[in-house]
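Reader: Please take me through the labels on this model. I want the cut-off behind each one.

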Amino acid sequence: MNTEVIRQFKIEGNVVEVKPLGEGFINDTFIVRTSSEGPDYILQRKNHKIFPDVPAMMDNIVAVTNHIKNKVSDPLRETLTVVPTVDGKNYCLDDEGNYWAVCILIPDTITYNVADTLELVRQGGIGIGRFQTLLSDFDKPLAETIPGFHNLAFRFSQWDECLRRDAAGRKAGLSDEIYFIEARRQEFLDFWKLIEDGTIPRRVAHNDTKLSNILFDEPSGEVLCAIDLDTVMSSTSLCDVGDAIRTYTSSTIEDDPDYGSVRLCLDKFQAYMDGYLSERRDTLTESEKEWLPFAGLYLTYEQTLRFLMDYIDGDTYYKIRYPEHNLVRTRSQMALLRSMEDQYEQMKQIVKDLL
């Protein structure tokens, strides 16, 4: 089936191999090897249950990457290149109702799941800052491919319904986790109101800036570009910053069952903010600068909420490797947020000093 799908796209060379790539939570990804006269490709089956309007999502990706291509010196390496189908679309639909998309594989690159050196963390900050800066003058409308993605008011409407229906019958054993969410509910809703009333501006944002979504040049170790652009939408720059803080500056992976070892590393936080602000210092508003440290707490709280909701619902959203996986993710993120709360004053001072 994958070979039949890839023939629907305008690729160069003959396909010699199609094999799975990575462990994506949402989409299924394959690497397509071709004969020597053509490049290799990335083929993805887009999850249309998560992204209900895949054509609009692909339109967003093409618009954003085309904008970036006009601003960089090496367009084929410094952003993704979407490959059209033979009939000119940027996706194809197979006989089973699955949506597929293809982009050119950028060679001699590497991604990381964990930022295990300060320089890698700093480069990640540069990558997010550069991505936002390249799109700072983007003025085309973008579709909302996942309604309310980082909107905590929307997430709480889902949360309340999730608790009401208790779809998998798990709520009774989760009193500590539910209390953790409810005790912080108003604090984080108050932050979201600053976005709703325009105090914190909306911009083009990646919306899923974990380190594995930043592509690095393997020979030099420097950041190349942001990848996995399915969630590119109008949002706040702080959501990108917050998700990066959540994932880059943690002492371990986001599903580490050793909760006692999970913490925010202040040296990593400083390295990330140093890299990010080197690209964005002059283009952020005063309100954005003020709330930069809190963005890490906000996204960590939101992700805790989402993992816990999915566990209560019976694991319908995130791919899991074992039955308690979403609960382990929840508790690991709870530990990370507690560490951020304990060190929040130091986080604020680090940002103030860098600014």
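Author: What follows sets values against definitions.
This is a predicted model: local features need pLDDT of at least 70, side-chain atom pairs count only at pLDDT 80 or more, and totals for chains, interfaces and linings use all residues. Residues are numbered from 1 along each chain as its sequence is written, and side-chain values use heavy atoms, with hydrogens and water left out.

Reader: Why is Phe188 called buried?
Author: Buried means under 20% relative accessible area, exposed over 50%, partly exposed in between (1.4 Å probe, protein chains only). Phe188 has 0% relative accessibility, so it counts as buried.

Reader: What is Phe188 in contact with, leaving aside its neighbours within four places in sequence?
Author: Contact means heavy atoms within 4.5 Å. Phe188 touches Leu152, Phe294, Leu297, Tyr298, Tyr301 and Leu337 on that basis.

Reader: What makes Trp192 and Tyr298 a stacked pair?
Author: Rings of Phe, Tyr and Trp (its six-membered ring) pair if their centres lie within 6.5 Å; planes under 30 degrees apart count as stacked, over 60 as edge-to-face and the rest as tilted. The structure holds 17 aromatic pairs. For Trp192 and Tyr298, the centres are 6.3 Å apart and the planes at 10 degrees, so the pair is stacked. Trp192 is buried at 3%. Tyr298 is buried at 0%.

Reader: How do you know that the charged end of Arg184 sits over the ring of Phe180?
Author: The test is NZ of Lys or CZ of Arg within 6 Å of the ring centre and within 35 degrees of the ring normal. Arg184 is 3.8 Å from the centre of the Phe180 ring and sits over it.
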